[in-house]
Every structure is written in C-alpha cells, then in structure tokens.
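Biologist: Could you show me the model and walk me through the words you use for it? I'd like to hear what stands behind each label.

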Amino acid sequence: MNTVAPSPTAAPADLRPARPVYKVTAARVLRAEWAKLWSLRSTWITLGLSLLFLVAFGLIAAFQFKSRIDGGRPMDRDFAEASALRLSLFGTNFSQLSLGVLGVLVAAGEYSTGMIRSTLAAVPRRLPVLWSKAAVYGVVALLLGTAGVFATFLADSRIVAGTRAAMTLSDTGVVRGLLGAGLYLALVGVIGVALGALLRSVAGGIAVLVAALTLVPGLTQLLPSSWQDHISPYLPSHAGEAMFALQHDSTVLSPTAGLVVFLGWTALALAGAAVRLLRTDA
C-alpha cells in the first residue's frame, strides 16, 4: 500500500504563526480618521481657502476703513462702529462656509465613494467613527481658525493704529472675542461633519448648512418684529456671533449664552447623526 509522505516544507497547522489580533481602540480610530482627513486633496485646498478668506477679508476691511478715515469719506453701516476686533473678524462669515463644507465632505464623502462600508466593518460599534471624525476635524478647524483670527487682528491693529478703531490684545474683551471666533469656526466644522453623517449626501449637507447659516437668518426679517426679538438671537449664526461680539444689547445673547445655545445646536446635529448611524445600514 502506497502512502504519500508529508512535504518537509509543510508545517503543522498548530505550529503556524497566528495572525496578531488588533483591538479597536479610541486612539486607533482617531489615528485612522486623521490619516483619512489628510489623504484628501480637498482638505488642503479647502483649509487653505478658509484661512485665505479669514485673513484676506479682514485685511481688506482694515484697509478700507483706514482709507475712509484718511480721505475723510463718510462711513457706511459696516464701518460706523468699527473696531480692530470687528474688522479682523470680517472674513468669518466667508470662512465658516468653507470649513462647514469641508466638514460635510469629511463625513458624506465616504458614503459617496462606498468607503464607509470598510470603515464600519473595521469599527463595528459605529459611534466611535462619528466621534473621531468630529473630534479630529474640530481640532483642526479650531487651530486654523484661532491662528487665523489672531494673525489678522495683529495685522489689522497695525493698519488702524492711531484711529478710533485701534485696539490691542490687552483691551477688554479682545482675547475672549478672538478665542470665541476660533471656537465658533470649529463648531461650524463639527456641525458640517454631523450633517454629512446625518444626510449622507454632500449636496444635501451643504444645502442644509448654507440655509441654516445664511438663508434662515434673512428669512426671519419677514417675521413681525416681536417674533424676531424672541427667535433671531437663538438661530445658529446669531448665537455664534454672540460668542465673539464685543458689544451686546438686549437683542443679542451674552457670550456665555451664545456659546451654550450654539453648543446645543451642535449637540442636536451630532445626536441626529448618531441615531441614523446606529439605526440604518451604510
């Protein structure tokens, strides 16, 4: 009876090295989301545009104010109560849209390409993916926004030195306003991530983001004035502006109240995204 001798190169199954078991941890999920964020060309382009809008429009506003002062020209409403802080934050409205759009792309882009299925297969619990995306992009937006507003303020302070708009970092409310603007831009980015994960559509997420930040505040002007006083301060954009406004009146929330309201909008968007992520398939 013939028998086949085992191959001398074949190792018994129980002696083969086992594959290492990788445990899904928060640090590894954060590292993966960090790598995915910076692997996209759109990240570099959009962040560059955000910083450009923030600095360029702030400098343009300061130069416009200085030229009107030197030329003795009348001031329009945008410059009537101008200060170095307000001028340096002139580009915030433009930068927020850029950062918010990138936030939508960070989350919804994976659904467009189908990569989200691989991501959720690697992280079956799902929610750590959402928290990591929001945390990574929020920190990046915070650092970029804060650096941008501080740099613009320092430049604008030199431009408007000697005018009624002159201010320094030691003036009351300046540092708080600059930090508030950086935090506001970061939270807009986090809301963008939440909308992208909630709607799973780049176009839909951007549409809702733009409507919430720009269109809805304009539509409230059509309401009776008594309604406006009770609704307008609590809209996302107006609550966010209260975080870095230097002066406040009865129609504007305080910086702390504005922060609380805007954090509430952010938490609401993240909660909606978390519920859909848990209840529906990718």
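Modeller: Let's start with a term: a salt bridge is a side-chain nitrogen of Lys or Arg within 4 Å of a carboxyl oxygen of Asp or Glu. Searching the whole structure turns up 4 of them. Keep in mind that this is a predicted model, where local features need pLDDT of at least 70, side-chain atom pairs count only at pLDDT 80 or more, and totals for chains, interfaces and linings use all residues. Residues are numbered from 1 along each chain as its sequence is written, and side-chain values use heavy atoms, with hydrogens and water left out.

Biologist: What makes Lys36 and Glu33 a salt bridge?

Modeller: Their closest N and O atoms are 2.9 Å apart, and the cut-off is within 4 Å, so the pair counts. Lys36 and Glu33 are 3 residues apart in helix α1 (residues 26-38), so about one helical turn separates them. Helices here are DSSP runs of H or I with at least four residues, numbered from the N terminus.

Biologist: Which other residues are linked with Glu33 and Lys36 in a network of salt bridges?

Modeller: Glu110 and Lys133 join them in that network. Lys133 pairs with Glu33, again with closest N and O atoms 2.9 Å apart. That pair links distant parts of the chain, Lys133 in helix α7 and Glu33 in helix α1, 100 residues apart. Lys36 also bridges to Glu110, at 2.9 Å between the closest N and O atoms. Since Lys36 is in helix α1 and Glu110 in helix α5 (residues 92-113), this pair ties together parts 74 residues apart in sequence.

Biologist: Why is Lys36 called buried?

Modeller: Buried means under 20% relative accessible area, exposed means over 50%, and partly exposed is in between (1.4 Å probe, protein chains only). Lys36 has 17% relative accessibility, so it's buried. Glu110, at 6%, is buried as well.

Conventions. Helix = DSSP H or I, 4+ residues; strand = E, 2+ residues; numbered from the N terminus.
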